[in-house]
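Hi everyone, thanks for coming. Please have a look at the sequence and the model on the screen, and then I'll walk you through some packing.

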Amino acid sequence: MNDDRRDALSVDDILNEYYAADSARSPQPAEESPLRTPQRRPVTAQPAPQAVPPVRAMAAEQRRAPVQPARAPMQAARTPAPKAPKKAVHKQDYYDDYDEPPRKRGGALVALMLLFVLAVVGAGAFAGYAFLCRTVFPGVEVGGIDVSGMSLNEAVNLISESFDAQGAGDLTLQMDEYTFHLPVSDVVGGVDAMESARAAFNYGREGDPITRAVDIAKARFQGADVELTMDVDRRKLSAWLDNIAGASFDGPTQPSYEVVDGQLIVNLGAPGVSFADRPAVENQLVEKLKTMDLTPLSVEASIQNQDPIDLAKIQSEIQTEPKNATIDTTDGATVVPGVDGIKMDLEKAKSIIGTATTGEFTIPLELTPAEVDTESLQSLLFRDTLAETETKLNPNEKSRTHNVELACNYINGTVLNPGDEFSYNNVVGQRTSARGFREAGIFVSGRLEEGLGGGVCQPSSTLYMAVLRADLKVTERNNHGMTVSYTPLGEDATVSWGTLDFKFVNDTEYPIKILASREGSYCKMKIVGTKTTDKKVEIKTNTLSTTNWSTVRQRDTSLKPGTERVDQSGSTGYRTETFKIITENGQTTTVKANTSNYRKRDKLVLYNDSSAASSEETPSQPQESVLPSDPTLAPPSTTTAPEQPSAPEQTAPPAQTAPPEQTAPQPTAPDPEQSSTPNTGYDPNVPSFGPGQPIV
């Protein structure tokens with residue numbers, strides 16, 4: 001066994017090795033395993049090998065001392081056997097004889113404990129140094145000023161003195177071959193030396209212990225630069241960069257176009273040069289100011305391409321139909337110039353430009369001039385009277401007459417350009433006391449009541465009569481539930497806020513204006529515009545059916561016994577068709593304007609027969625006036641002027657209203673008044689109103 005091998009083994013290992021050698025030389029029972037039960041023999045008579053170190057040899061002697069007397073006789077009688085060749089012994093062989101490998105010595109644990117003690121001692125010393133140090137830690141700078149080892153006051157004084165010198169320097173920006181300088185004093189209002197010194201002093205004194213230790217070590221071995229606390233005017237800095245960009249760089253020129261003399265001039269624009277990252281450049285300059293790093297900042301430029309030309313978008317923006325000159329409806333006098341129609345061939349424009357990315361190109365356009373230009377409109381504007389109508393009213397009905405006049409005032413002067421739609425409710429507005437309307441008679445379910453705006457249907461009906469004769473296009477019209485006295489059948493137009501409206505469109509080639517007024521006993525409407533033909537319009541209404549009214553008698557004990565009175569006049573019901581007979585350029589055409597349905601209203605007589613008064617109506621009783629059985633034969637109380645054509649508008653008849661409750665038997669024969677010859681004319685002074693609508 002060599003010396004290195006012997007040094008690596010313990011005393012027990014050496015003894016086991018020798019025991020194994022003796023067992024190899026002595027006969028052993030076959031059933032016994034030398035590895036499991038080694039035979040320990042006295043080894044006192046056998047000299048220890050010379051290779052064993054003295055210390056280990058002494059230990060071996062001590063282990064063999066107790067068995068020397070027992071083995072002495074045997075040792076003397078034994079004949080020395082020839083030595084067997086030595087077998088290489090491996091450490092693993094000895095591991096097989098034991099349940100576990102030999103234990104290692106505890107040197108590593110001792111070393112770790114020593115390192116831990118040294119770390120604790122070092123950390124304590126470092127913590128004591130950091131706690132007891134009352135100056136800026138070594139390696140700390142503020143704004144490039146070395147303040148390490150200084151007290152707070154010393155650092156404040158040094159920062160103030162140093163900035164006075166550094167503040168006179170320039171901030172430098174380097175871009176390619178250009179160099180730009182900005183005096184620090186132009187963008188820095190001042191430095192707070194105390195806050196800056198305090199920031200330097202606190203470096204390494206904030207955060208958890210590990211963070212503090214790392215900061216102190218970093219400052220000591222690498223250095224640390226704390227920012228100055230200063231007032232930087234970023235607006236001035238940004239303005240300086242804007243000036244630099246304007247002097248050195250050009251932004252991209254975006255595509256543009258204009259229409260000149262019937263041609264489209266397209267400019268494709270051009271690329272531009274600008275800062276690679278403008279916000280980043282500004283932030284870098286601010287950081288340099290705070291650390292007083294006045295070394296030049298190099299900035300790279302970047303190329304920015306312009307947007308591609310969008311010919312389809314240009315086409316949608318410039319292509320238009322021709323528009324005639326019109327009137328500004330806010331004042332009714334200012335002329336809005338006409339617009340020529342423009343048409344662009346998109347595929348032709350693409351072929352002209354091709355694959356070009358820059359340059360200017362001319363693209364032809366197809367122009368369609370407006371039929372009515374500013375000059376012609378001014379000369380023809382409101383030149384002719386298209387239609388003029390009037391209806392009669394009773395000026396003694398003060399509230400109703402006031403409402404009629406107020407509605408006319410709202411309508412008067414209304415201008416409609418070609419294609420504009422007139423809405424009676426929108427123009428006249430809601431009928432409220434705040435807008436000047438008064439309480440006047442209205443019919444609700446066939447009975448007369450007081451309501452705001454009573455009478456506003458008369459201006460709408462008078463205007464409808466004029467619209468028919470001007471041959472304008474009617475888009476909404478409703479007849480009254482029952483006949484009215486101031487217009488012929490088929491020529492009335494009832495309105496009600498929020499439900500029924502009267503609307504028409506100016507379908508002529510020129511603007512029109514409505515002139516409305518109440519003059520004495522008449523409501524007047526005039527439509528002026530520009531006549532382009534010799535058109536004339538006549539109105540004719542045919543009665544399709546007639547429904548006669550009856551007399552209904554109803555007991556009313558509130559009346560004086562033996563008396564009676566007429567509570568509601570009778571009104572005949574009609575179903576009519578109204579036509580416009582239009583003559584233009586010698587040709588006559590008939591156009592249906594509307595179909596109207598008017599319900600009948602029975603005559604209601606209240607009586608009290610408590611004193612056995614006669615229940616039969618006598619011919620001598622006063623009778624209510626009724627409309628003619630065929631009002632189309634009555635001459636209209638209007639003056640008209642022929643006018644522009646328009647499509648007729650038909651409306652469905654309003655819903656029927658249930659007749660008043662009858663408490664007395666209804667006569668089986670027609671009322672004597674019905675059998676008489678009807679009046680062939682209608683009396684405007686005798687109103688007949690539709691139920692649920694304002695009196696008009």
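First, some housekeeping. This is a predicted model, so to speak of local features we need pLDDT of at least 70, and side-chain atom pairs count only at pLDDT 80 or more, while totals for chains, interfaces and linings use all residues. Residues are numbered from 1 along each chain as its sequence is written, and side-chain values use heavy atoms, with hydrogens and water left out.

Let's start with helix H12, residues 278-290. Helices here are DSSP runs of H or I with at least four residues, strands are runs of E with at least two, and both are numbered from the N terminus. The expected span is 1.5 Å times one less than the number of residues.

Which residues of H12 are buried? They are Val281, Glu282, Leu285, Val286, Lys288 and Leu289. Buried means under 20% relative accessible area, exposed over 50%, and partly exposed in between, with a 1.4 Å probe and protein chains only.

Leu285 takes us to the largest nonpolar core, which has 44 residues; Leu285, Leu173 and Trp240 have the most contacts inside it. By nonpolar core I mean a set of buried Ala, Val, Leu, Ile, Met, Phe, Trp, Tyr and Cys residues joined through side-chain atoms within 4.5 Å. Helix H11, residues 234-248, gives the most to this core, with five residues. Apart from it lies another core of 36 residues, Leu393 and Ile527 among them.

Now the rings. The whole structure holds four aromatic pairs. Rings of Phe, Tyr and Trp (its six-membered ring) pair if their centres lie within 6.5 Å; planes under 30 degrees apart count as stacked, over 60 as edge-to-face, and the rest as tilted.

Tyrosine 410 and phenylalanine 437 are stacked, at 6.2 Å centre to centre with 25° between the planes. This pair links distant parts of the chain, 27 residues apart: tyrosine 410 is in helix H16, phenylalanine 437 in the loop between helix H17 and strand S21. Tyrosine 410 is partly exposed at 29% relative accessible area, whereas phenylalanine 437 is buried at 3%.

Phenylalanine 502 and phenylalanine 504 form a tilted pair, 5.7 Å centre to centre and 40° between the planes.
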